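My notes are below, in the order of looking.

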Amino acid sequence: ADLPNQLIISPKLGFDPDISADGKKLIISFNKKTLLPNTTYRFYFGKAIIDMTESNAIENFEYVFSTGNNIDSLRIKGIVLNAFNNKPEKDIIIALYNKVEDVDSLPYKKTPNYITRTSESGEFKFGNLPHAIYKVYALADKNKNYMYDGDIERIAFNDSLLELNSDTSIKLSLFKEEAPKVFIKKISSPYYGFS
């Protein structure tokens with residue numbers, strides 16, 4: 001149905017694969033040489049796949065494979081709540097960054113390594129993750145670029161890095177940053193009032 005907006009590939013490929021349908025088959029094509037070695041990939045289809053006879057969406061369908069000998073198995077689950085009224089937030093992008101360098105500017109400058117989306121109840125889950133250190137953000141991503149565009153969007157984040165050694169649960173509170181206040185302190189003109 002809405003595959004371009006529903007399909008999430010984690011970790012990101014760095015390119016858009018070719019996607020086509022052939023009857024009951026969905027074909028996703030890409031050059032396997034572009035995949036990272038010893039990495040578990042997850043293709044999350046959201047509500048994009050629909051039963052042909054009854055037109056019911058197959059929700060949260062995913063296809064998982066590994067370029068190594070093992071499939072990673074660690075999980076993160078959680079919920080995103082509105083910081084103002086404590087209500088669950090749906091359709092929020094959850095962004096995981098690994099190999100973290102400059103954590104303060106990550107969501108402004110870089111698309112995440114792993115992505116998922118919250119459900120109607122504000123819940124999310126990542127499966128098939130490797131043991132690693134992550135920074136976790138939630139984004140109300142208006143323009144669908146998987147990055148934070150400042151005070152026009154809302155954001156949530158964990159204060160500290162998350163070292164994933166076992167299955168983990170987290171809660172994130174989504175808020176909107178205040179726009180920076182700009183004041184004019186002085187106006188001068190070299191031309192006005194001079195003869």
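**Ground rules.** I am working with a predicted model, where local features need pLDDT of at least 70, side-chain atom pairs count only at pLDDT 80 or more, and totals for chains, interfaces and linings use all residues. Residues are numbered from 1 along each chain as its sequence is written, and side-chain values use heavy atoms, with hydrogens and water left out.

**Salt bridges.** Side chains of opposite charge can pair when their charged atoms come close. I took a salt bridge as a side-chain nitrogen of Lys or Arg within 4 Å of a carboxyl oxygen of Asp or Glu. How many salt bridges does this rule give? I counted 3 salt bridges.

I looked at Glu-62 and Arg-42, whose closest N and O atoms are 2.8 Å apart in a salt bridge. Glu-62 is in strand E5 and Arg-42 in strand E4, so this pair ties together parts 20 residues apart in sequence. Strands (E, at least two residues) are DSSP runs, numbered from the N terminus. Is Arg-42 buried or exposed? Arg-42 counts as buried, at 5% relative accessibility, while Glu-62 is partly exposed at 30%. Here buried means under 20% relative accessible area, exposed over 50%, and partly exposed in between, with a 1.4 Å probe and protein chains only.

I then found Glu-89 and Arg-154 in a salt bridge of 2.7 Å, N to O. Glu-89 lies in the loop between E6 and strand E7 (93-98) and Arg-154 in strand E11 (residues 154-157), so the pair ties together parts 65 residues apart in sequence. Glu-89 is buried at 11%, and Arg-154 is partly exposed at 26%.

Lys-90 and Glu-120 also meet in a salt bridge, at 3.7 Å, N to O. Lys-90 is in the loop between E6 and E7 and Glu-120 in the loop between E8 and E9, so parts 30 residues apart in sequence are tied together. Lys-90 is partly exposed at 45%, whereas Glu-120 is exposed at 53%.

**Cavity.** A cavity is a set of points on a 1 Å grid over the protein atoms alone where a 1.4 Å probe fits but cannot get out; a pocket is an open set with protein on both sides within 12 Å along at least five of seven lines, and lining residues have an atom within 4 Å of a point. I found 1 cavity of 30 Å³ or more. Its lining includes Arg-42, Tyr-114 and Phe-126. Strand E9 (123-129) gives the most to that lining, with 4 residues.

**Second largest pocket.** I noted about 410 Å³ of space here. Which residues lie nearest its centre? They are Tyr-44, Asn-60, Arg-117, Thr-118 and Ser-119, out of 18 lining residues. The lining divides into 2 nonpolar, 6 polar and 10 charged residues.

**Surface patch.** Ile-58, Phe-61 and Tyr-63 make a nonpolar patch of about 300 Å². Patch residues have over 30% relative accessible area and no salt bridge, and nonpolar side chains are joined within 5 Å. Ile-58 is in the loop between strands E4 (40-44) and E5 (62-66) and is partly exposed at 42%.

**One contact.** Leu-81 sits in strand E6 (residues 74-82) and is buried at 9%. Leu-81 and Leu-172 are 91 residues apart in sequence and 6.2 Å apart in space, C-alpha to C-alpha.

Key
Patches are made of residues with over 30% relative accessible area and no salt bridge: like charges are joined within 9 Å, nonpolar side chains (Val, Leu, Ile, Met, Phe, Trp, Tyr) within 5 Å. Accessible areas come from the Shrake-Rupley method with a 1.4 Å probe; for residues, only the protein chains shown count as cover. Grid points are joined across faces, edges and corners, and a volume is the space filled by probe spheres set on the points. Ala, Val, Leu, Ile, Met, Phe, Trp, Tyr, Cys and Pro count as nonpolar, Asp, Glu, Lys and Arg as charged, and the others, Gly among them, as polar.
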